[in-house]
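Let's take a walk through this structure, one piece at a time. Keep the 3D view open as you read.

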Amino acid sequence: MSTHNLLLLPGDGIGPEVMAQVERVVEWVNTNSDVTFNIEKDLVGGCAYDDHGQAISDAAMDKAMQADAVILGAVGGPKWDNVAYDVRPEAGLLRLRKDMELFANLRPAICYPALADASSLRKEVIEGLDIMIVRELTGGVYFGEPKEITDLGNGQKRGIDTQVYESYEIERIAAVAFDMARKRDNRVCSMEKRNVMKSGLLWNEVVSQTHEKDFADVELSHMLADAGGMQLVRWPKQFDVIVTDNLFGDMLSDVAAMLTGSLGMLPSASLGAEDATTGKRKALYEPVHGSAPDIAGQNIANPIATIASFGMALRYSFGMIESADLLDKAIMKALEDGLRTPDIMQDGKEKISTTEMGDAIITRLTQLSA
Ligand code: IPM
Ligand code: MG
């Protein structure tokens, strides 16, 4: 019987509502498996700022560093639009990523069969879609220095962000992508802007070298990131794994997520390097969607992305593949049975609430495991 420690950071907006459903799923796993998850909770984002003036406290950071996995809801909202830049809600998320060294962000874009009609693209373009975006998460323009606004003294100001990548950062994210491809369709497409950016040139070179050295069995292609965006909406099924930098990954993963018609359904995992002695990775799991302040507190948010994020934790942090598959199946079954939160509602289906979707998934977990 093993015990793991989970830190839940529900955050802002719909975060607490969807996280409440995750807690119920965790309880279900505790009752129905020989694994026990201990849950701790803390604040991140705007709620943390309201409580103590920081987007995440040092104490919460300590808990995150100690936890076996962190599950995060969402941060931000218009209420905090005017707070100082370094304590804005997003700063809490970025600190978690940076201090925990979560350099590898896995963002699957899967088209659930039951939702193939919900995409803005034709059904044949996205039916059966299953791609994995591997986004570099601790480097690039998000963290590069200098990062500042300076006053030029002539009535003008200058804003600077810096895109920086060193070889080791590219090497390790490329390795994650190639490894991932081996467990899938064995194809990686690397995206950068080598036609404009020096960091793109280096990215291309290091990905190719890493491929040649350790992953020559995986099929590798390169695309300019803008063309990649175009190809993603033209014929997304041509891709298996896409590996790209922090900023392009942010944009391309939103595009990929929306293709599936199910932005409210997609989970993500952010992983650190494997510890040489324990074999463990630091890890944070979160839905791809945001805090949706416009619908917060109404019990209508879709909890599936956050529940599926716990599913990714079962898979990637705890090696509980069977439980992860079971949870994915329970989600799929609830959809097949016609249950829909308002964001994915379609004609002839049954509209249900956040808590009812939690009920539905838990009921199916029990049925499918019987
Ligand atoms: C994401 C989000 C974040 C990002 C924001 C909230 C800082 O858009 O995880 O994709 O830009 O990385
Ligand atoms: Mg984003």
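## Two domains

Domain bounds here come from an automatic or database domain assignment. The model is a predicted one, where local features need pLDDT of at least 70, side-chain atom pairs count only at pLDDT 80 or more, and totals for chains, interfaces and linings use all residues. Residues are numbered from 1 along each chain as its sequence is written, while chains are lettered from A and ligands numbered from 1 in the order in which they are written.

The chain splits into domain 1 (1–108 + 265–370) and domain 2 (130–259). Taken over C-alpha atoms, the centres of domain 1 and domain 2 are 25 Å apart.

## Where the domains meet

How many residues of domain 1 are in contact with domain 2? There are 15 of them, and they are in contact with 16 residues of domain 2; being in contact means that the C-beta atoms of two residues, placed from the backbone, lie within 7 Å. On the domain 1 side, helix H4 (89–99), strand E4 (104–110) and strand E11 (267–274) each bring at least two residues. Helices (H or I, at least four residues) and strands (E, at least two) are DSSP runs, numbered from the N terminus. E4 gives the most to that side, five residues.

By type, the domain 1 side has nine nonpolar, two polar and four charged residues. In this count Ala, Val, Leu, Ile, Met, Phe, Trp, Tyr, Cys and Pro are nonpolar, Asp, Glu, Lys and Arg are charged, and the others, Gly among them, are polar.

Ten strands make up an open sheet with mixed pairing, in the order E2-E1-E3-E12-E11-E4-E5-E10-E8-E9. Two strands pair if DSSP finds at least two bridges between them. Strand E2 (35–41) and strand E9 (219–224) are at the edges with a single partner strand each, so one side of each has no neighbour in the sheet. On average, neighbouring strands are turned by 25° against each other, direction ignored; for such angles, axes are lines fitted to C-alpha atoms, for helices over the stretch in contact, and angles run from 0 to 180 degrees between N-to-C directions.

Inside the sheet, strand E1 (residues 2–11) and strand E3 (residues 69–74) run parallel, joined by five bridges. Leucine 6 sits opposite alanine 69 in E3.

## The core

The largest nonpolar core has 107 residues, and Val44, Val70, Ile71, Val134 and Ile242 have the most contacts inside it. Such a core is a set of buried Ala, Val, Leu, Ile, Met, Phe, Trp, Tyr and Cys residues joined through C-beta atoms within 7 Å. Helix H10 (residues 304–316) supplies the largest share, eight residues. Both domain 1 and domain 2 give this core at least three residues each.

Strand E6 (residues 144–151) and E7 run antiparallel, with five bridges between them. Is E7 largely buried or in the open? Of the six residues of strand E7 (residues 157–162), zero are buried, so E7 lies largely in the open. A residue is buried if 20 or more other C-beta atoms lie within 10 Å of its own, exposed if 12 or fewer, and partly exposed in between, with C-beta atoms placed from the backbone.
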